[in-house]
Amino acid sequence: MKTIITPVLRFWGFKRHPFDDRVLSNTDLDLFVDRKTEIRRLRNALSNPLSGVFGAQGVGKSSMLNKLSTLTRKEGYAVVDIQMSGTSENLLYREVLASILREIKAGKVQVLARMKLKVDQELGRVENSIQYTSAVEATGETGWKALLSLSLKTGITQTEEHSLQKYTEKTALALIKKIALHKKEPFVVIIDNLERAKFLINNEDAYFQFITKFAQTIDGLFSGAGVPFVVTLDQSFADRIDNHLPGVEEAYSFCFGQLIEVSVFSPSDLYEIIARRLDCQNGADMIDSFIKKDAFWALVAATGGHPRRAFAVLREAMELVSEKTTQKTISLECMCTAVEQCGEKLDQKDVLIFQFLEKTGAHSSSDQTFIKDVGLSRAQLHKRLLELHKKGMLCVEEEVVGKSKRDTYFIKESRG
Ligand SMILES: Nc1ncnc2c1ncn2[C@@H]1O[C@H](COP(=O)(O)OP(=O)(O)OP(=O)(O)O)[C@@H](O)[C@H]1O
Ligand SMILES: [Mg+2]
């Protein structure tokens with residue numbers, strides 16, 4: 001596919017921007033950097049009727065769900081991928097049903113003949129019902145006015161309106177359940193962007209109740225049905241039941257078999273992400289000439305390994321370089337400007353900490369050369385190292401020296 005070669009692409013000699021912000025799917029999944037722990041948890045979570053995935057905006061939830069889809073399909077199971085459309089939480093089950101019916105129509109999900117499912121007819125009805133309800137919600141009109149706007153598009157007659165109104169979330173759920181009972185093979189249902197319900201409902205309590213009710217419905221209807229659901233959730237939901245994670249008694253009222261956090265990337269993973277995107281362009285190992293090491297550490301320190309934020313800063317830095325120099329390298333100075341222009345904050349001391357640890361390996365905050373190199377007091381350095389560890393940018397290990405113990409900090413090696 002041909003795309004516009006923008007000035008920045010021409011300068012860098014790229015055909016496509018390596019750091020455009022795209023959800024990874026299909027062949028783009030070649031760019032997917034491991035997330036081994038999260039993927040392991042997710043795959044094993046499929047023995048539960050319902051699992052939730054949560055994490056900051058733009059941290060990589062959709063891409064990870066796509067990775068899960070691909071792996072699940074490779075194992076021979078069908079997957080129904082649903083994007084919560086963002087117009088109404090009232091249409092959720094009808095949208096789920098429509099997606100399942102489409103997969104049945106495509107021959108991916110198979111049901112037993114004795115169910116006597118009339119796929120085309122059901123699909124037509126549920127799609128019309130979705131359109132009808134959307135029209136009612138958008139215009140606030142019911143009855144013939146909503147029908148009129150719909151019939152213009154679909155040719156629905158007034159006599160059919162009655163049956164449309166009878167097609168509800170309840171009947172949709174009943175049909176999904178029936179399909180689950182008559183399926184030939186288990187299949188997985190993934191609902192991405194369900195966390196958007198929070199913005200639609202625009203009230204944290206109501207959102208919490210919506211998810212709880214949804215979870216109870218799924219758990220109640222599909223327990224042991226061989227149709228696991230995986231959905232995305234807002235951080236606020238996870239925070240709220242933080243003390244009641246699975247295994248704790250109260251958790252059962254929420255019905256989530258697993259809640260899996262998608263977190264920011266470690267420095268080595270972020271490095272790998274950048275390297276892979278550059279390799280895709282030139283087929284060569286070019287990251288060292290693309291970005292100076294100190295500039296990379298500034299990027300890590302400023303964005304904390306958050307991919308969408310890191311890409312925004314990298315795009316800005318690439319434009320700044322193309323404007324100001326002829327050399328195709330992102331320097332520390334240029335990175336600092338890009339960080340500032342993207343509204344990110346950078347603590348230069350963090351860059352010094354990363355540089356020191358990268359050069360010399362694991363150290364504790366009581367090490368005199370470390371203290372001197374970074375230019376912080378021992379207490380300040382200790383606090384800073386702890387913070388970087390909490391944010392996932394540094395690893396920590398306990399070291400026993402004689403009778404005393406101390407924490408040493410280090411940068412996780414790239415799996416390369
Ligand atoms: N494992 C990964 N390896 C490489 N790049 C990734 C990975 N996961 C996400 N990204 C990149 O990070 C960015 C955000 O990813 P994605 O859209 O999947 O996040 P999200 O959490 O679903 O975002 P939103 O909150 O907007 O729905 C994208 O540019 C994507 O290409
Ligand atoms: Mg997403």
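This is a predicted model: local features need pLDDT of at least 70, side-chain atom pairs count only at pLDDT 80 or more; totals for chains, interfaces and linings use all residues.
**Notes on ligand 1**

I started with Arg-277, where a polar side-chain atom lies 3.0 Å from a nitrogen atom of ligand 1.

On its own, ligand 1 has 630 Å² of accessible area, and the protein covers 95% of that.

Then I looked at which elements surround it. Helix 3 (61-74), helix 12 (267-282) and helix 15 (307-324) are the elements that give two or more residues to the shell around ligand 1.

I went on to the backbone. A polar backbone atom of Arg-22 is 2.6 Å from an oxygen atom of ligand 1. For Val-59, I found a polar backbone atom 3.3 Å from an oxygen atom of ligand 1.

Which residues come nearest to ligand 1? I got Asp-21, Arg-22, Lys-61, Ser-62 and Ser-63, out of 21 residues around the ligand.

Where does ligand 1 sit? I found ligand 1 in the largest pocket.

Last, I looked at the domains. Domain 1 (7-261) and domain 2 (267-410) each give at least three residues to the shell around ligand 1.

Terms used. Residues are numbered from 1 along each chain as its sequence is written. Chains are lettered from A and ligands numbered from 1 in the order in which they are written. Side-chain values use heavy atoms; hydrogens and water are left out. A residue is near a molecule or strand if one of its heavy atoms lies within 4 Å of it. A polar contact is a pair of N or O atoms within 3.5 Å; within protein, one must be able to donate a hydrogen and the other to accept it, and residues adjacent in sequence count only if both atoms are side-chain atoms. Accessible areas come from the Shrake-Rupley method with a 1.4 Å probe; for residues, only the protein chains shown count as cover. On a 1 Å grid over the protein atoms alone, a cavity is a set of points where a 1.4 Å probe fits but cannot get out, and a pocket is an open set with protein on both sides within 12 Å along at least five of seven lines; lining residues have an atom within 4 Å of a point. A molecule sits in a cavity or pocket if more than half of its atoms lie within 2 Å of its grid points. Helices (H or I, at least four residues) and strands (E, at least two) are DSSP runs, numbered from the N terminus. Domain bounds come from an automatic or database domain assignment.
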